[in-house]
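Hi,

Here is the model for your set-up work. My notes follow below it.

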Amino acid sequence: MLRVAARRLSSLSSSPWRPNQAASAYLSRNSVVDGHRSAPSSDSDPHFLLPFRGFATESLIHTKENSIIHEIPATVAAVKNPTSKIVYDEHNHERFPPGDPSKRAFAYFVLTGGRFVYASLVRLLVLKFVLSMSASKDVLALASLEVDLSSIEPGTTVTVKWRGKPVFIRRRTEDDIQLANSVDVGSLRDPQPDSDRVKDPEWLIVIGVCTHLGCIPLPNAGDFGGWFCPCHGSHYDISGRIRKGPAPYNLEVPTYTFLDENKLMIG
């Protein structure tokens, strides 16, 4: 009895494991015919019946004949079976090889156009930055001032505003001109001859700001017939030179130009 069982076990271990065959072998021993179970065959041992139980790997794989899922999606197949061969889908688009000569001109055009746009943007930013540091139009308009001299009488002083500062325009007489030239330049605190301060001896143009503390002197006043600063007692002569008081320098002469006989451009 033991020998028969050993031979059966050795035959099962030597043959490949096929659960379906084992199940069929078990069913052949206990086959059902017309609803009744048949007795085991006489050539087999009635006492040695092994109830084989298991699963076959073939039952997990759906074949095309008996499978509900007919085919695996391409994405799943690519993940399950990775390969170095790349297959492009050319059904909906056309693929050109790298360095296609027919597309080279278009690539150069796109690159050149992009670089031109970048250069234009950089140029615009630089211009904006430079223009932001320059003077505005209203400041440039105040940089120069045109004055009509035809209405100024001899011996009188007119005050105009230029760059936020008062400017004295005096039309001097012959006596004023002689008085300005008769002064000893060496005795002045800020030595300067009258000829260096005027372009036309008849006209004297100076900035009306005291050189001491920035006050505005009064015209046709003081001990020398020019200007007098009442704040600290500075006296200026008919040429705008400091003659007395704490002011250290003469009245400043701005940049000006005579456009014609009766037109003056300050600035």
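Leaving aside neighbours within four places in sequence, which residues is P193 in contact with? They are V185 and R241, where contact means heavy atoms within 4.5 Å.

Some ground rules. This is a predicted model, so local features need pLDDT of at least 70, side-chain atom pairs count only at pLDDT 80 or more, and totals for chains, interfaces and linings use all residues. Residues are numbered from 1 along each chain as its sequence is written, and side-chain values use heavy atoms, with hydrogens and water left out.

More on P193. It sits in the loop between helix 6 (174-181) and strand 6 (203-207). Helices (H or I, at least four residues) and strands (E, at least two) are DSSP runs, numbered from the N terminus. P193 has 30% relative accessibility and counts as partly exposed. On this scale, buried is under 20% relative accessible area, exposed is over 50%, and partly exposed is in between (1.4 Å probe, protein chains only).

Next, R170. It belongs to strand 5 (residues 165-171). R170 is buried, at 5% relative accessible area. Beyond four places in sequence, R170 touches residues including D176, E202, W203 and W227.

Last, the cysteines. A disulfide is taken as a pair of cysteine sulfur atoms within 2.5 Å. The count comes to 0 disulfides. For C229, the closest cysteine sulfur is in C210, 3.9 Å away, so it is too far for a bond. C229 is buried at 1% relative accessible area. C215 is also buried, at 17% relative accessibility.

Best wishes
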